[in-house]
Amino acid sequence: MAIHFPIQRSLMSMACPHMVLPRLPKKMQILPRKLLVPPQSRVVSTQLWRFSVMNSNVSLLEKQAFSSLNLSNPLYQRLQEEGLKDATDVQVSAIPTLLKGHDAALQSYTGSGKTLAYLLPILSKIGPLKEHSLALEENITKGGVEAVVVAPSRELAMQIVREAERILGPQHRKAVQQLIGGANQKRQEEALKKNKPLIVVGTPGRISEVSRAGKLHTHACRFLVLDEADQLLSSKYRDDMRRILEHVGQRRTYVEDAQGSQSLPLGQELVLNTHPDQMENLAKKKLSTKVQRQTILVSATMPPAVLSAASEWGHKPLLIRATVTEDVDTEIKQARENADLEVQNSAANIRGVRDSLPPNLQHFYMLAPVQHRVDALRKCIRALDARSVIVFMNFSRRLKDTVFKLDARGITAGSLHGELGKLERANILSAFRSKKLRVLVISELGARGLDIPECDLVVNLELPTDGTHYAHRGGRTGRLGRKGTVISICEQREEFVFKKFEQQLGISIQRCEISEGKFLLYDKVLTSNYG
Ligand SMILES: Nc1ncnc2c1ncn2[C@@H]1O[C@H](COP(=O)(O)OP(=O)(O)OP(=O)(O)O)[C@@H](O)[C@H]1O
């Protein structure tokens with residue numbers, strides 16, 4: 001019987017105010033009118049904000065020790081060795097529910113630790129860190145991959161691989177393998193054969209290619225994770241995702257047994273229902289029937305389409321948010337009952353998007369004509385003394401030109417775009433992480449899920465198309481409870497979009513100006529009737 005959690009309004013939106021408005025200094029000086037400021041609005045000067053650097057106290061929103069989350073002992077030991085003592089709020093909420101075997105849609109704001117929220121339950125049940133009592137079960141399903149994690153970009157897939165390797169430790173690194181596009185497929189297939197990894201992490205195209213080539217055996221797969229699920233369910237990945245969803249294990253069709261308790265995945269069920277004397281024969285028999293998998297969809301934004309996909313591809317999935325767990329089907333039904341399609345989508349969308357921004361971000365925008373945008377960007381970086389800046393643009397072909405202009409102004413920059421090979425991309429990312437590059441100019445997809453804790457400023461040099469994209473971009477800073485700043489640079493005719501973003505995201509985006517190296521704010525009240 002699927003466990004139904006009572007539906008409560010997510011406490012997330014009340015627990016952490018999305019906008020921590022910066023305190024303005026007592027003494028406010030009205031700047032002389034020489035600035036081209038429209039009469040209705042005035043600029044109040046503020047002292048330069050000291051923007052928190054990454055070593056500010058990282059607050060995990062809700063401290064609960066991993067020891068209380070029923071992880072396997074070997075895994076808990078590894079977490080201790082890695083210095084990971086306390087779980088983040090989404091991990092506290094997700095780990096017990098996923099350990100029980102529920103299919104789920106996992107939503108929490110960017111940088112809140114969703115990767116470990118799904119990796120730890122998986123590593124607790126399969127591979128070298130699971131409870132030893134489950135060891136025999138592995139023989140039943142031996143020979144195939146037991147968990148597949150799909151991510152929309154190579155960088156995010158490699159980031160997940162590194163996170164899994166970190167927890168597994170050096171002696172078990174081979175238990176996880178990447179299958180990402182742009183790398184040598186032959187070598188990947190040879191590694192699959194040689195190392196027999198239990199966990200595969202990759203991009204949709206490469207995973208389905210290797211599966212079609214008959215080199216990836218996923219009949220015994222017990223876990224399927226779609227990280228950045230809203231991206232993966234877009235039409236761009238439709239064919240590859242369909243193949244993956246149809247070939248990786250099988251969709252769960254649990255039959256509720258007499259006691260009403262939830263039956264186990266086939267592998268575990270066989271082990272529990274077989275007389276000890278018969279275990280040897282069972283272990284020899286290669287499990288040809290597909291194992292019933294646990295399906296987990298993950299994203300900071302959870303629009304209705306993702307909830308419907310979770311329902312279609314899972315069995316009575318639960319919607320897990322940082323501080324509340326609900327039943328996906330009830331959530332969809334409630335949205336349907338409460339409102340017509342239009343409101344339902346926008347309401348669910350707002351809900352799905354509103355919880356997606358880290359709580360400690362500050363949001364601003366600045367007006368500049370297109371031809372002066374890079375100059376405005378340079379002034380922002382200098383005025384805020386930002387050390388690690390991610391700059392978003394909408395078209396890859398423009399990234400290189402921006403890098404060139406920044407370099408010409410003495411700001412070290414690099415860009416991640418489609419024409420770069422795997423090695424070049426990895427080199428640029430590591431140069432940015434190690435601060436050899438101060439600015440990384442990037443397109444939307446390249447940044448999804450990217451975890452660069454040091455990033456202290458995100459700049460939209462070209463505006464995102466909607467609140468979802470704004471949230472995923474802004475979420476590159478303010479990781480894991482740190483503070484961060486988002487500035488958008490636009491023309492006056494685009495200024496109206498910030499009202500929409502403010503409503504969708506539940507934040508305040510204040511207009512600012514850089515003058516004579518100082519970061520200045522427009523008084524919010526006056527500018528609202530401006531233009
Ligand atoms: N319990 C924890 N204690 C300390 N650090 C943690 C913990 N959980 C995760 N982290 C670290 O926090 C950072 C962000 O984690 P992660 O990338 O999983 O966030 P996310 O919610 O998936 O973000 P996004 O939505 O952008 O993908 C990573 O560097 C990760 O190693």
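This report describes selected strands, salt bridges and a charged patch in a predicted model.

Residues are numbered from 1 along each chain as its sequence is written, and side-chain values use heavy atoms, with hydrogens and water left out. Because the model is predicted, local features need pLDDT of at least 70 and side-chain atom pairs count only at pLDDT 80 or more, while totals for chains, interfaces and linings use all residues.

**Strands**

Helices (H or I, at least four residues) and strands (E, at least two) are DSSP runs, numbered from the N terminus. Two strands pair if DSSP finds at least two bridges between them. A residue is buried under 20% relative accessible area, exposed over 50% and partly exposed in between (1.4 Å probe, protein chains only).

Strand β9 covers residues 294–299, and six of its six residues are buried. Q294, I296 and V298 point one way from β9, while T295, L297 and S299 point the other way. β9 runs parallel to strand β4 (residues 104–107), to which four bridges join it. Q107 has S299 of β9 as its bridge partner. Strand β8 (residues 223–227) also pairs with β9 in the parallel sense, over five bridges. In that pairing F223 stands opposite Q294.

Strand β19 (residues 518–522) is mostly covered, with four of its five residues buried. Four bridges join β19 to strand β18 (residues 509–515), and the two run antiparallel. C512 is the bridge partner of L521 in β19. β18 and β19 form a hairpin with two residues between them. In the turn, E516 has a positive phi of about 50°.

**Salt bridges**

A salt bridge is a side-chain nitrogen of Lys or Arg within 4 Å of a carboxyl oxygen of Asp or Glu. The structure holds 24 of them.

| Pair | N to O distance |
|---|---|
| K85 and D86 | 3.8 Å |
| D385 and R438 | 3.8 Å |
| E502 and K499 | 3.2 Å |

In the salt bridge between K85 and D86, K85 is exposed, with a relative accessible area of 53%. D86 is partly exposed, at 22%.

D385 forms its salt bridge with R438. This pair links distant parts of the chain, 53 residues apart. D385 lies in the loop between α16 (373–384) and β13 (389–392), and R438 in the loop between α18 (422–433) and β15 (439–442). D385 is partly exposed, with a relative accessible area of 36%, whereas R438 is buried at 14%.

E502 and K499 are three residues apart in helix α21 (residues 497–505), so about one helical turn separates them. E502 counts as buried at 12% relative accessibility, and K499 is partly exposed at 43%. Elsewhere, salt bridges that share partners join R78, E81, E82, E163 and R166 into one network.

**A charged patch**

K186, K193, K196 and K215 gather in a patch of positive charge on the surface. Patches are made of residues with over 30% relative accessible area and no salt bridge, like charges being joined within 9 Å and nonpolar side chains (Val, Leu, Ile, Met, Phe, Trp, Tyr) within 5 Å. Lys and Arg count as positive and Asp and Glu as negative; His and the chain ends are not counted. The place of a charge is taken as NZ of Lys, CZ of Arg, CG of Asp or CD of Glu. K193 is exposed, with a relative accessible area of 66%.

Note on methods:
Areas by Shrake-Rupley, 256 points an atom, 1.4 Å probe, with all protein chains shown as cover.
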